Amino acid sequence: MLTFLAIASMLGASVTLGAPLDDHNQSGCCVPKQWQGAVGIISGTVSGGQPTVMNESMEYFYDFNQKKVAMLGDGYKIVQDYNKMMMYKIEKKPSVDICETSHLTGTLYDCVPSNATFLGSFQAGGPQGIKMNDYSIDGFVPGLFGRLTFTDDGCLPVTETVANGGSESFLDFIGVVNVMTTIKDPSVFDVPSPPCPKNPTKTVGMPKRRRSFLLGFAR
C-alpha cells in the first residue's frame with residue numbers, strides 16, 4: 001500500500017520537478033480503455049471552521065468497454081456500473097457484509113474533455129525523464145477547480161488536484177502509480193449477491209458532489 005510520505009513525494013515531484021517544455025499541442029488525449037493501478041489520496045477539508053486531513057490508499061480498476069469501475073480499499077469494495085447507473089458499496093464486517101446501493105449521476109469519461117485548457121508539458125525526472133501534459137478543468141463541474149496530469153506517451157493518468165471554495169471547502173491530491181493497461185482479474189467488477197440485491201429498488205447514500213473528474217469519486 002502507498003504511504004502518506006510516498007504519495008506526497010510523488011505528487012510534489014510531478015508538480016514542482018521537471019523542466020517545462022515548449023509544447024503547443026493543445027489537443028486532449030484518451031486513456032486506455034482498460035487499466036488498473038494503485039491510487040493514493042491526500043484530502044484536506046474545512047467544515048464548520050474545523051479542518052481535517054485524510055490519507056487513503058486503494059486499488060482502482062477501470063473498464064470503459066464494460067462501462068464499469070471498481071475500487072478496493074481497507075475493508076470495503078465499491079463497484080460503479082454505468083450500464084445500470086448504479087453504485088454498490090460493500091463493507092466487510094466481522095459478522096456479516098453490508099451492501100449499500102446508490103444511483104450514479106455522473107458520466108464515465110475516457111478522454112480529456114474538449115473544453116479543458118491545455119496548460120503545457122513538462123519533463124519529470126530530468127532530460128531523460130517522462131514527458132507529461134497538464135490540463136485545467138476549472139469549472140467543468142460547477143464550483144470545482146482542478147488540474148489533470150497524464151503521460152504524453154499512452155495518456156496514462158498520473159495526478160489530479162481538485163478544490164473548491166466556500167464554507168465547506170476542500171482540497172484533494174490524487175496520485176496514480178503502477179498502472180497496467182489491462183484488467184488482471186475481471187471478477188473484481190462482480191457484485192456479490194448477497195449481500196447486494198440483484199435488482200435494487202431502494203437506494204441510499206446518494207453522493208453529494210463529484211470530487212474527481214479522473215476517477216469519478218463523489219463524497
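The model is predicted, so local features require pLDDT of at least 70 and side-chain atom pairs count only at pLDDT 80 or more, whereas totals for chains, interfaces and linings use all residues. Residues are numbered from 1 along each chain as its sequence is written, and side-chain values use heavy atoms, with hydrogens and water left out.

The protein contains 1 helix and 12 strands; helices (H or I, at least four residues) and strands (E, at least two) are DSSP runs numbered from the N terminus. Along the sequence the pattern is α-β-β-β-β-β-β-β-β-β-β-β-β. Of the contacts between residues at least 6 apart in sequence, 54% join residues at least 24 apart, a contact being heavy atoms within 4.5 Å. Buried residues account for 43% of the 219 residues, where buried means under 20% relative accessible area, exposed over 50%, and partly exposed in between (1.4 Å probe, protein chains only).

In soluble globular proteins, nonpolar side chains tend to be buried together. The largest nonpolar core of this model has 30 residues; such a core is a set of buried Ala, Val, Leu, Ile, Met, Phe, Trp, Tyr and Cys residues joined through side-chain atoms within 4.5 Å. The members that touch the most other members are Trp 35, Val 39, Tyr 60, Tyr 62, Val 69, Phe 150 and Leu 215. Two or more residues of this core come from each of strand E2 (34-47), strand E3 (50-63), strand E4 (68-73), strand E5 (76-81), strand E10 (145-151) and strand E12 (169-180).

The structure holds 3 disulfides, a disulfide being a pair of cysteine sulfur atoms within 2.5 Å. With bonded cysteines counted along the chain, the disulfides follow the pattern 1-5, 2-4, 3-6. Cys 29 is joined to Cys 155 with an S to S distance of 2.0 Å. This pair links distant parts of the chain, 126 residues apart: Cys 29 is in the loop between E1 and E2, and Cys 155 is in the loop between E10 and strand E11 (157-164). The link of Cys 29 and Cys 155 is right-handed, with 60 degrees about the S-S bond, and both Cys 29 and Cys 155 are buried.

A disulfide also joins Cys 30 to Cys 111, at an S to S distance of 1.8 Å. Here Cys 30 lies in the loop between E1 and E2 and Cys 111 in the loop between E7 and E8, so that parts of the chain 81 residues apart are linked. The torsion about the S-S bond of Cys 30 and Cys 111 is about 100 degrees, and the disulfide is therefore right-handed. Cys 30 counts as partly exposed because its relative accessibility is 42%; Cys 111 is also partly exposed, at 24%.

The sulfur atoms of Cys 99 and Cys 196 are 2.0 Å apart in a disulfide. Because Cys 99 lies in strand E7 and Cys 196 in the segment after E12, the pair ties together parts that are 97 residues apart in sequence. The link of Cys 99 and Cys 196 is right-handed, with 95 degrees about the S-S bond, and both residues are buried.

The structure holds 4 salt bridges, each a side-chain nitrogen of Lys or Arg within 4 Å of a carboxyl oxygen of Asp or Glu. One of them is formed by the side chains of Lys 33 and Asp 110, at 2.6 Å from N to O. This pair links distant parts of the chain, 77 residues apart, with Lys 33 in the loop between strand E1 (19-21) and E2 and Asp 110 in the loop between strand E7 (98-103) and strand E8 (117-124). Lys 33 is partly exposed at 38% relative accessibility, whereas Asp 110 is buried at 15%.

Lys 93 forms a salt bridge with Glu 91, with the closest N and O atoms 3.8 Å apart. Lys 93 is partly exposed at 38% relative accessibility, and Glu 91 is partly exposed at 24%. The side chains of Asp 97 and Lys 92 also meet in a salt bridge, at 3.4 Å from N to O. Asp 97 has a relative accessible area of 27% and is partly exposed, while Lys 92, at 51% relative accessibility, counts as exposed.
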